[in-house]
Every structure is written in structure tokens, then in C-alpha cells.
Amino acid sequence: MNLSRRAFLSRSSIGIALAGAAMAVPALGAVIKTSAAADKVSMPNGDVEPLVAHVRDLSSGEVSLMVGTEQVVVRDANLAARLYGAVFARKGR
Amino acid sequence: MSSHREAPAIAKDPVADSTDLYAFVSPDAPGTVTLIANYIPLEGPDGGPNFFEFGDDVLYAIYVDNNGDAAPDVTYRFRFKTQIRNPNTFLYNTGPISAIDSPNWNRPQLYSVTRVAHGTETVLGDHLACPPCNVGPRSTPAYSALAQSAIHNLSGSHGKVFAGQRQEGFYVDLGSIFDLGALRPFQDLHLLPLPPVAGVNGTKHLNVHTIALQVPISDLTRDGSSTFAGVTDPRAVIGVWTAAYRRKAMIRGDGDDIESGPWVQVSRLGNPLFNEVIVPMSAKDRWNELPPASDSKFVQYVQHPELAKLLPVLYPGVFPNLAGATGSRDDLVAILMTGIPSGIVAGFQNFTGTTLADMLRLNMAIPPSTSPSILGLIGGDAAGFPNGRRVADDVVTIELRAVAGVTYPLVNPGFTPDGAAGVIYDVEDPATNTAPLSYLGSFPYLNHPESGFDVPS
């Protein structure tokens, strides 16, 4: 996946920074795979670093998740759609 | 320039922009090799109140390949951390900085050095102090002593390190060379002629930020050896490059910027001028993102360099033999991408194998020259560029002459270089064997930075 830093910042895509203690860092894959039942996901203890999510192309369903120096790329059309949906719902579209 | 502002993207990111790379057997410590990577091009010495500094958000690295695969075998990583001592003043310094730990220096920068070899990371130094920038006689009196105190020994007898501002040691007639390839001393022969005048060092009175290491030869070789069975010993040859990285994602605002994701390479440098002059504009940014092991995809630009086609056009009638040379420039491929094999230049080789990669190749079995030529190998001095690169080597003239054809007979004996190919230069006639700058005789070799007070932009 050609995801340069500049492309990440400039191309028409969605990047969402979620800063705070509410994200399940050690079990990112599990979080995504069970996203339909997020309430069942156990949360990590202690402080966690911010999480950045990037959807380059909604149609691919590919979501890049970055925490610290790690990057996990998952293909989850539902998750990608819900991220877009969260944005457009706020904008009333 | 060597690699200053050489690609569109990195030109907008000077803190991560590698400008020059040097590698040479230390003339005053021949059991060691000095590796120097410069960053932040064209620093005006008076550029305050926020004077130049390394990027806390940049990972800097110097790589050494010692087995010819263009992959790192020894890596040195550098991370910087800037402090603010007094948050309530706009001043860089609140009084004279007479010592490197002076409380008057309001924005000191510290750094760590990590060596990676055989899969093991070893921190060789931490909380090491950079010197301040050379502000002026009131703020940074006795600068040379101040800078000297910023030379640190690395743990475990792994050598020493310096990171901080230096005088720009690379010389080039910037204003002329980028005005349609003009060489002032020969511009009467240019397609758009002007009267010939002396060359100008466009980087005079500018500074740069230097990361310099002086490490034992045994730290760099594949088997830990420090002596070799002559110049032809393949263990003696290393390939060197530097690279800078930023985090993949950055979210600005909301009080604190957030950086996240893996480190992404944004700048790379091996041989001077490779990305600047060889790689076309459309590929420069991509080249900066790639490792040397990917350089085979750029070999056509070395085999048929654009500059070799331009010279006969820009200087009509001056380079007729070059104009007629249509074959692959395998001399340049050897110089820049594989090293020069044995049997090409008597008593010399710096061949790393058939892997095509832009690395600065150094044969460490060749001792420092007692009478160095700034023209390096083409000046009969095998201790200079393209056998590594020393701080005073006139790499612009060397590469101009090489591209113009002086090295082509090494692989094509039927080619006769044009007379001009062996005499062109841009700043000063190298026949004087004098660089237009002065350097230090010992580590870190690049001279103390120009003072902002003395050299306003």
C-alpha cells in the first residue's frame, strides 16, 4: 500500500485521530474483527497512545490503524463505512 | 548542489533534508573511519531568534553495508530532544553561552546515538549535548572551545561523535550552474554567452548541521577485522548512505501535534549529486523514499545521463565526442552504483558486487593521502572521491568531468574525451589544488560555523 506521509495528509481520504484512553491498543485486530460487538472487547489497562485511522479508499474497505510506531492494515468494509458514516452523520448528509 | 533541496518534497522540509555525506579513513587517526552526514541546507548564520537545530521529530540514520547487498549491516541512529529552560522569554540565550551546559542557553538540544548490528541495538550515548549555533561574540564567545566540548566519546570504545552546526564545507557555483548549466569561467562558450568571469562559491558564509562519527574500522567490517590483505581485499570495502525519517501520520493542532505510525523515509543520500542531477524531476521524491537496494530501477538514468546530453547542446562545438557517444555509460554505473572493480584503475578497487545501489563506497585499505588532491581519484589520489569522500574534495568538478567523458575510456577505450572535459570546473580551477574553504585538521573536520553577527545574510 503506497501510503506516504504527505499523501496521508493531503489526499482526499479520511484520517481520524482518536486521542485518549478508550482504545484497545494491544488487541487492535480483535477490535476490528469484532467491531459489530465492540462492547465485548476488553480494554487495555493504563495509558495508551493516540490511534490514527486512515481510509484511503472506501470501496476497498481497507483501514490503516496506527498506534505508536506500529501500523496494522485491516480489510473491513463495515468498519470503513462506519467511519465515513460517522463523519457524514455529523455533517447531516 | 550535492543534495541540498534536490527534490521537490524534501526541499520543503529542510530539517530532514540531507545535504552531503562524507566517508574517509581519518587522516589523523588512520585506524578509524569518519562518517559525516549533513542536514538542513543553506543556513543563514544570522537566522534567529529561532536558530537552526535538528528535528526532534526526525529519525536520522547513517548506514553501512559491508557485504555488498546494499542492505544495512551497521546502522547508527540519532534522535534529538530539545529543551526550553526558560519558557517566559523569546530569547535563544539569556546571556553569554560560555559552556555547553550554560543556563544562559535557553534552547539546548540533546541527542542519543544507537548502533544496530547483527540484530542488536546498543545505545552508545544518550543525553549528549549539541553545541549552540554560532550566534555572535556576545552570545557565543570562544566558539571553538564551546564546540570542542560537544565532541563526545561513545561507550564501549565505539569512537566519538559530534552533532551540531558547522560551516558549509561543500562548494559550488550555485547561481551559475542552475542558470542553464553555466560555468562562469567558460560561459563565453555557452549557448547563451556572457563574458567569462571567475567562479563564485555560492555556499560561502552559509552553515549546515552536521552529524559526525569517528569509529574504529573494526566496527564497520563484516568480520570485525581492521587490517586487510591489500587493496583488493573485499572486506575492506563498505558502502555508506544516510537517510532521514518522519512518522507516517501527523495530526496538527488541538494543543499538541500527534505523530503516529511507522517511520517513513523522506530523504536519502549516498553519492553527491545522484538524486540531484541523475534522477529526473518526476522520480526524485520517490527515490528519496526508497532504499539503495531498489536503485536498479534508476540505472538507465546513469547509463544515459541527461547532463551528458545537455553539455554538447549548452556548449555548442565544445563536446563533439561526447555528443557522438551513445553507448551506456558503464563508467558512471561503476562509479556510482557498483564501485570500480579491480583491473580498471591500477592499484584501486572499491567494488561491492553487482547489486546496483547508490552508496558512497570506501576502500578502507587505502591509507589517507599525504598529498591529497581535491580531484580525488581522477587527480591520481585514490584516498579521495569516489573512494569515499573527504570534506575538501571538489565533487562538482569531479562529477562534471566524469559525466563529460573523462572516465568513459575506462570502460570504452575507443572513446577519446573532448579537451574541455578535462579542464572544466565551476568555482576555482582545481589545478591549484586548493579548496575555496578552510577545514579543521581533526574531527569533525568541517570548520566552525559562520557567526551570525559577522555574517548577516
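## A walk through a two-chain model

Let us start with a turn in chain A: strands β2(A) and β3(A) form a hairpin with 6 residues between them, and A:Gly61 in that turn has a positive phi of about 70 degrees. Before going further, keep in mind that this is a predicted model. The predictor gives the complex an ipTM of 0.82 and a pTM of 0.92.

Strand β2 covers residues 51-55 of chain A, and its antiparallel pairing with β3(A) runs over 5 bridges. Within this pair, A:Val52 stands opposite A:Met66. Now follow β3(A) to its other neighbour, strand β4 (residues 70-75) of chain A, with which it pairs in the antiparallel sense over 6 bridges. Here A:Met66 turns up again, this time opposite A:Gln71 in β4(A). The link from β3(A) to β4(A) is a hairpin too, with 2 residues between the strands, and A:Gly68 there takes a positive phi near 60 degrees. If you wonder what holds such neighbours together, strands of a sheet pair through backbone hydrogen bonds, either parallel or antiparallel.

Is strand β3(A) mostly covered or mostly open? It is mostly covered, with 5 of its 6 residues buried. For chain A as a whole, 19% of the 93 residues count as buried. Stepping back, you can find 3 helices and 4 strands in this chain, and from the N terminus on they run α-β-α-β-β-β-α. Of the chain A contacts with a separation of 6 or more, 53% are between residues 24 or more positions apart.

Now move over to chain B, which has 9 helices and 12 strands. Its radius of gyration is 22 Å, close to the 23 Å that the globule rule gives for 457 residues, so chain B is as compact as a globular protein of that length. Along its principal axes, the C-alpha trace of chain B spans about 70 × 55 × 45 Å. Buried residues make up 50% of this chain, and 65% of its contacts with a separation of 6 or more are between residues 24 or more positions apart. As for the predictor's confidence, the mean pLDDT of chain B is 97, and 100% of its residues reach 70 or more.

One feature to trace in chain B is an open sheet of 5 strands, in the order β1-β2-β9-β8-β7, with antiparallel pairing. Its edge strands are β1 (18-25) and β7 (152-153), each of which pairs on one side only. Further in, strand β2 (residues 32-43) and strand β9 (residues 207-216) of chain B are joined over 9 bridges in the antiparallel sense. One of the residues to look for is B:Val33, whose bridge partner in β9(B) is B:Val215.

Which residues does B:Ala23 touch, leaving aside its neighbours within four places in sequence? B:Ala23 is in contact with B:Val33, B:Leu35, B:Val240, B:Leu360, B:Leu362, B:Gly388 and B:Arg389.

Technical notes. Residues numbered from 1 in each chain as written. Chains lettered and ligands numbered in written order. Predicted model: local features only at pLDDT ≥ 70, side-chain atom pairs only at ≥ 80, totals over all residues. Contact = placed C-beta atoms within 7 Å. Pairing = 2+ DSSP bridges. Buried ≥ 20, exposed ≤ 12 C-beta atoms within 10 Å, placed from the backbone. Rg over C-alpha atoms; globule rule 2.2 N^0.38 Å. pLDDT = per-residue confidence, 0-100.
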